Amino acid sequence: SIEEMLDTCMMLSTFGKGKQPKGANIVMTTFGGGSGVLATDLCSMLDLNVPNLSKPTESKLQKLLTPLASIKNPIDLTPQSINDPHWRELLPEALKLILEDKNIDMFMFMAGGMGHRKQELLAIISALNKCKKPLAVSWMAPPSGLRAQLADMGVFLFEEHARAVRTLATIAKMSLAKEKPIRIARRKTIDFDWGPFQAAKQKLFSEDSVATMMDTAKLNFAK
């Protein structure tokens with residue numbers, strides 16, 4: 001659709017050199033589990049993989065995230081991770097670990113509301129965006145001014161989680177297609193003397209003369 005094309009173009013416009021995903025593995029973080037489950041269902045429909053993090057990363061996250069959090073992808077950070085001062089201080093390190101995990105090609109940061117924590121989250125997003133992996137920010141009911149502030153950081157804002165998932169799926173397919181070698185069709189050379197049909201310095205041919213040439217050369221064409 002036109003909407004999907006614009007979303008893809010806008011997100012690609014924020015990519016620096018080398019920021020294309022190397023695969024179709026996506027990690028999603030939420031502050032409430034329901035949106036992550038719905039987004040995972042859409043990922044499966046669009047050929048995006050939602051793998052678990054590596055064991056070393058999961059082990060480290062257990063010390064950085066609240067005990068109420070789920071470290072299985074999609075990762076439910078819970079509101080406590082941003083509202084509690086102790087866990088909020090550890091959140092940037094936790095998210096950086098998640099994004100840099102070897103099993104992950106793309107990161108989708110999901111939020112909603114939370115205008116009272118906008119500045120803290122903006123600082124975290126700015127740090128995450130320095131990574132070479134694509135970062136999609138999907139923030140439902142975003143606080144005032146967020147889109148412009150993210151744009152200044154080089155981050156495109158999605159206000160619907162489904163649109164972010166579809167865009168990442170499109171970009172992943174584009175990147176994977178670039179890795180495939182271009183197939184060159186091998187065609188047999190036609191052993192045919194075109195000379196008798198070409199007058200001296202003739203550049204244009206009538207439809208009838210072209211049909212005669214193709215018929216003589218035994219080429220298939222609509223008659």
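## A walk through the model

Start by selecting Met-114, which is buried with a relative accessible area of 15% (buried is under 20%, exposed over 50% and partly exposed in between, with a 1.4 Å probe and protein chains only). This is a predicted model, in which local features need pLDDT of at least 70, side-chain atom pairs count only at pLDDT 80 or more, and totals for chains, interfaces and linings use all residues. Residues are numbered from 1 along each chain as its sequence is written, and side-chain values use heavy atoms, with hydrogens and water left out.

Met-114 sits in the loop between β3 (106-112) and α6 (118-128); helices (H or I, at least four residues) and strands (E, at least two) are DSSP runs, numbered from the N terminus.

Now select Ala-141, in the loop between β4 and α7 (146-153). Ala-141 is not a glycine, yet has a positive phi of about 50 degrees. Is Ala-141 buried or exposed? At 62% relative accessibility, Ala-141 counts as exposed.

Next, show the peptide bond from Asn-73 to Pro-74, which is cis, with omega near 0 degrees. You will find Pro-74 in the loop between α3 (55-64) and β2 (75-76).

**Helix α1**

Select residues 2-12, helix α1, and colour Asp-7, Thr-8 and Met-11, which are buried. They lie on the same side of α1, because they cover an arc of only 95 degrees around the axis (the arc is that of the directions from the helix axis to the C-beta atoms). The buried residues of α1 pack against β4 (135-140), β5 (157-158) and α8, where contact means heavy atoms within 4.5 Å.

**Helices α2 and α8**

Bring up α2 (residues 33-45) with α8 (residues 161-179): their axes come within 10 Å and cross at roughly 35 degrees. Here axes are lines fitted to C-alpha atoms, for helices over the stretch in contact, and angles run from 0 to 180 degrees between N-to-C directions. On the α2 side, the contact is made by Ser-35, Ala-39, Leu-42 and Cys-43, and on the α8 side by His-161, Ala-162, Val-165 and Arg-166.

While on α2, click Asp-41, which is partly exposed at a relative accessible area of 42%.

**Cysteines**

Finish with Cys-131: how far is its sulfur from the closest cysteine sulfur? The distance is 18 Å, to Cys-43, too far for a bond. With a disulfide taken as a pair of cysteine sulfur atoms within 2.5 Å, the count comes to zero disulfides.
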